[in-house]
Amino acid sequence: MSSTTSQQTIDVARVRQDFPIFSRPLPNGADLVFLDNASSAQKPQQVIQKEVDCYERYYANAHRGIYQFGVAIDEELEGSRAKVQRFISAAEPEEIIFTSGTTMSINLVAYGWGRKFVKPDDEILINEMEHHANLVPWQQLAKETGAKLNFIPLTDDYRLDLSQLDDVLTKRTKIVALTSMSNVVGTINDVSHVAARAKSAGAITVVDAAQSAARSATNVQSTGVDFLAFSGHKIYGPTGVGVLYGRRERLEEMDPFLTGGGMIDRVFRDHSTWAELPAKFEAGTPQIAQAIALGAAIDYVSSCGMNAIQTHEVQLLKHATASLAEVLGLKIYGPDQSHKGAIVSFTVDGAHPQDIASLVDRKGVAVRQGHHCTMPLHDLMGVSSTVRASFGMYNSEADVDVLVDALHYARKRLRLT
Amino acid sequence: MFPLQSMTIDELIEQFESLEDWEEQCDYLIDIGFDLPKLPDEHKIEPNKVHGCQSNVWLVANTSDGDSPVVEIQAESDAMIVNGLIAVLLAAYSGRTPQEILDTDIKAIFARLGLDRHLSPARRNGLFGMVKKIRSIAEQAA
Ligand SMILES: Cc1ncc(COP(=O)(O)O)c(C=O)c1O
């Protein structure tokens, strides 16, 4: 992937050559069929090398060195911030805060903005498809401020029922928090619509883009959101780093969450004043090498083209949906393909998801089983766990076929006929 | 394969050691899981659930009357590999006196079966959740 021009389609064979993980077979000789991308994605050589280069060639702490040698690290780090800014179409690089991940980003909003502006009897609007990372922080905020949690009802196929938005979005709503894509049923939510409605009700919108950031183009300005969070490790980047985007106005008005070095303007004996954005929210030594390598991940997916990645995954989803239907007793949860991305959660009649996941693992297929950090959603679905196959840019239709064969094998092994 | 109820833990370990690799051993767990006596539905209630398991596991125990009472354990999961693990636990514990249960070095048994290496941390947690429940039943009966 040396070219920087966007391509129309994904050449899977070529892409896979960029990912060292696929160059070796598993210990049992099978090829790795990695279908746990919603959890975390594999890393291309370009990302790995970027992090290695940082440590081998120009590593120092950020923002501190007057020495010549320290200039490179700041240039790289701020260069990476600018890449993130362009990647999500933010107005300015100062609106990009490096965090440890989506979870940290959402907590930062819940503490920094929520604790300051949410008052007793205010309302926070969430819904039951959210990952616990975009649910529990709001429960805690509600508990501590005396605010009330409201829920946008879900349709029978696990989409937001926006026809009922008027009933739950009120004058008292301060925060609307929603995911742009469900990590379980794959539902793609109409973030622009919700953000516009929230704005006219006087509420801010917080978007969990952990899944969508790797799967389609993100534009924080055209969608009109106030905050947006995602994780580096799910977009083929390093672990330990994530992003919080905040509109300048919001970031200016909120309080810092972590305090300490790097985020202050002036410290007196008994009080302090805060640094300008983005430093105000980046206390302590940042995730330097990871944030720099995140820039390489963004370069990588951008050079492949987010539209090409999306098209490729839609194709995979189509093939997966059709092929999985051949497996007896298999039930896919979620909306039809036109409303979702390439994340497929399912159950197989008569088989526990745990047994299914263990047995397909024998064929080299890595899928996740469990509640996928969405217990309320599973309560709605009426099952305590599901099997989840989630696709990435390096997956092929052949991977889907291996999964389907492995599922037939698992059913047989579990004596299902 | 002999009927499970009559299999001792030593016989089970021997059977396990004769198998080629973990895949075969796992198949064996599935098979003894299928042979595990079903727990009557009336026992599949919240108070009998074992905590720490990713699947549902229900476990009940009865202590017999008499001079040297033994603990009879029945358990079932909705996951088949877990049923195999339950079968292992029953071979180790069921029909023993409370003191025998408390004296059993279950970690050594798991190690001989290779379960310490082959089970994921989540599964190991679930397994030790069952061990904990059985031991607390034995403590009450001792
Ligand atoms: C939709 C969604 N939100 C939030 C998270 C949490 O991300 P992280 O663990 O990187 O903080 C995840 C990942 O598991 C996710 O899928």
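How far is an oxygen atom of the ligand from an N or O atom in the side chain of A:Ser231? The distance is 2.6 Å.

This is a predicted model, in which local features need pLDDT of at least 70, side-chain atom pairs count only at pLDDT 80 or more, and totals for chains, interfaces and linings use all residues. Residues are numbered from 1 along each chain as its sequence is written, chains are lettered from A and ligands numbered from 1 in the order in which they are written, and side-chain values use heavy atoms, with hydrogens and water left out.

**View 1. Surroundings of the ligand.** Residues around the ligand (a heavy atom within 4 Å) include A:Thr102, A:His131, A:Asn183, A:Asp208 and A:Lys234. A polar side-chain atom of A:Thr103 sits 2.5 Å from a ligand oxygen atom, and for an N or O atom in the side chain of A:His233 the distance to a ligand oxygen atom is 2.7 Å.

**View 2. Helices H12 and H14 of chain A.** H12 (residues 353-361) packs against H14 (residues 397-413) at an angle of about 120 degrees, with the axes 9 Å apart. That angle makes H12(A) oblique to H14(A) (under 35 degrees is roughly parallel, over 145 roughly antiparallel, 65 to 115 roughly perpendicular and the rest oblique). Contact (heavy atoms within 4.5 Å) involves A:Ile356, A:Leu359 and A:Val360 of H12(A), and residues of H14(A) including A:Tyr409 and A:Arg413.

**View 3. A cis peptide bond.** Here A:Leu277 and A:Pro278 are joined by a cis peptide bond, with omega about -5 degrees. A:Pro278 belongs to the loop between strand S10 (272-274) and helix H10 (288-304) of chain A.

Definitions and conventions. Axes are lines fitted to C-alpha atoms, for helices over the stretch in contact, and angles run from 0 to 180 degrees between N-to-C directions. Helices (H or I, at least four residues) and strands (E, at least two) are DSSP runs, numbered from the N terminus. A polar contact is a pair of N or O atoms within 3.5 Å; within protein, one must be able to donate a hydrogen and the other to accept it, and residues adjacent in sequence count only if both atoms are side-chain atoms.
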